[in-house]
Amino acid sequence: GHRHLIDEVRRRSRAVDLSIEALADAARVSRSQLWRILRGECSPPVETLAALADALGCRVRDLLP
C-alpha cells in the first residue's frame, strides 16, 4: 500500500512538473515530513493525503492502491 502511494505521488508530481519541495509547499506539509513519507518512514495522516491529492489535482483514492 505505502509503496503504491509513494510511486503515485512521485509519478503525479513529475506529470504536473512539481518538485517535491514545491509539492510540500502546495500541500502545506513540511518538506522534511514529505521526504519521510516518500522514504516510507511514516504513513501520512488523512489530512496530509487530502492536501497532497489536492496539490496534485487528483483524489485521495487515486493515490491509494
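## Terms and ground rules

A residue is called buried when its relative accessible area is under 20%, exposed when that area is over 50%, and partly exposed in between (1.4 Å probe, protein chains only). Helices (H or I, at least four residues) are DSSP runs, numbered from the N terminus.

This is a predicted model, in which local features need pLDDT of at least 70 and side-chain atom pairs count only at pLDDT 80 or more, while totals for chains, interfaces and linings use all residues. Residues are numbered from 1 along each chain as its sequence is written, and side-chain values use heavy atoms, with hydrogens and water left out.

## Helix H1

Let's start with H1, whose buried residues are Leu5, Ile6, Glu8, Val9 and Ser13. Viewed down the axis of H1, these buried residues fall within an arc of 165°, so they line one face of the helix; the arc is that of the directions from the helix axis to the C-beta atoms. On the other side of H1 you will find Arg3, Arg14 and Ala15, which are exposed.

What do the buried residues of H1 pack against? Their partners are helix H2 (20-26), helix H3 (31-38), helix H4 (46-56) and helix H5 (60-63). After H1 comes Asp17, with a positive phi near 60°.

## Helix H4

In H4, the buried residues are Thr48, Leu49, Leu52, Ala53 and Leu56. They span an arc of only 135° around the axis, which puts them on the same side of H4. The face turned away from that buried side carries the exposed residues Val46, Glu47 and Asp54.

The buried residues of H4 pack against H1, H2, H3 and H5. Just after H4, Gly57 has a positive phi of about 70°.

## The nonpolar core

A nonpolar core is a set of buried Ala, Val, Leu, Ile, Met, Phe, Trp, Tyr and Cys residues joined through side-chain atoms within 4.5 Å. The largest one here has 18 residues, and Val9, Leu34 and Leu63 touch the most other members. H1, H2, H3 and H4 each give two or more residues to this core, with the largest share, four residues, coming from H4.

Leaving aside neighbours within four places in sequence, Val9 is in contact (heavy atoms within 4.5 Å) with Leu23, Leu38, Leu56 and Leu63.

## After H5

Pro65 lies in the segment after H5. Is Pro65 buried or exposed? Its relative accessibility is 75%, so Pro65 counts as exposed. Neighbours within four places in sequence aside, Pro65 is in contact with Gly1 and His4.
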